[in-house]
Amino acid sequence: MRLACAVVGLISLMPASLVPAPMMGDAPPARVTILYDAFGDRAGLERDWGFAALIEYGGRRILFDTGNNGDVFARNVRALKIDLRRLDFVVISHRHGDHTGGLTYLLSLNPGVRIYAPYERFGLFGGPVPTTIIRPDTSLPARMRYFGGTVPTELSSSTVWPRAHFVLVDTLTEIAPGVALVSTVSRTPGTLELHELSLVLRTPEGLVVIVGCSHPGIETILEASRAYGDHVHELFGGLHLVATPDSEIEHIASALRDHWRLDLIAPGHCTGEPAFDALARAFGRRYVYAGLGSVIELH
Ligand SMILES: [Zn+2]
Ligand SMILES: [Zn+2]
């Protein structure tokens, strides 16, 4: 006890910058670090098209997406001194290469980590496929029938990461207390039927939503998040407005501010330059810059 008091006394005399970090308090970090994106001016990091972020909240470390190029991802992670062997779990938002490119590097460091990914039939992440999709014709000779006429109840779809511990999700799922995955499906030509997961944290200020590309539409994702909490406090990630006409961008920016009443917005990746501009104007001081290497505290 006397020793503890002596240490406290010593620390109170030290300038704040010299106080060892663990003595500053017991609160775990609450922040988002952008590991991969095509904009940002932090020295020592490499810009490329794609997205990855480390989310630290409630004592958990969650990797969201893995960027486009495994080597660039590895270099950025090392430059930021992020230890990918210490993760509670990983979330892959969707199957596109600019979000999955670093998966092989991640698995080389942390082969046993649980990876949540969207469920799609015969999708990139494997998983079971029900054989009810096969309509039988019993009049055919056995050699013309699938599996000689005795079809298994399930087929297994392969993946290029067969040893990864994927957990496939296709509905709103709470994966830890206060942490949920929201599952949505794109209805947009070009990405039709693409399944996407978004990460949602429940905080005292409301929901913090982290999106990959928002292919199903950001408002569709926010609508689906409502089942987990009525107010979205802060939004991170790609809003996929890169090629959207200005009038539609203005409409979405207004909706995010006035209808969804987001307190803060931290857009990145495929949000697009005209949308960065529109959102910065709509949100003013509540627009949070989230370029590559940004470390954004969660309040
Ligand atoms: Zn995408
Ligand atoms: Zn993307």
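Colleague: How much accessible surface does the protein have?
Modeller: About 15300 Å², and 54% of that belongs to carbon and sulfur atoms. Accessible areas here come from the Shrake-Rupley method with a 1.4 Å probe, and for residues only the protein chains shown count as cover. Keep in mind that this is a predicted model, where local features need pLDDT of at least 70 and side-chain atom pairs count only at pLDDT 80 or more, while totals for chains, interfaces and linings use all residues. Residues are numbered from 1 along each chain as its sequence is written, chains are lettered from A and ligands numbered from 1 in the order in which they are written, and side-chain values use heavy atoms, with hydrogens and water left out.

Colleague: In what order do the strands of the open sheet run?
Modeller: Six strands go 9-10-11-12-13-14, with mixed pairing. Two strands pair if DSSP finds at least two bridges between them. At the edges sit strand 9 (173-176) and strand 14 (264-268), each pairing on one side only.

Colleague: Which sense do strands 12 and 13 pair in?
Modeller: Parallel, over five bridges, with strand 12 covering residues 206-211 and strand 13 covering 232-238. Isoleucine 210 stands opposite phenylalanine 236 of strand 13.

Colleague: New topic. What holds the zinc ion (ligand 2)?
Modeller: Its protein donors are Asp98 (OD), His99 (NE2), Cys213 (SG) and His269 (NE2), 2.1 to 2.3 Å away. Donors are N, O and S atoms within 2.8 Å of the metal (3.2 Å for Na, K and Ca); water is not among the atoms, so sites may look incomplete.

Colleague: Why is the arrangement called irregular?
Modeller: Because the four donor atoms subtend angles of 89 to 158°. Tetrahedral needs all angles between 85 and 135 degrees; square planar for four, or octahedral for six, needs opposite donors over 155 degrees apart and all others between 65 and 115; anything else is irregular.

Colleague: How far apart are the two zinc ions, ligand 2 and ligand 1?
Modeller: They are 3.5 Å apart.

Colleague: Are histidine 99 and histidine 269 buried or exposed?
Modeller: Both are buried.

How values were computed. Helices (H or I, at least four residues) and strands (E, at least two) are DSSP runs, numbered from the N terminus. Buried means under 20% relative accessible area, exposed over 50%, partly exposed in between (1.4 Å probe, protein chains only).
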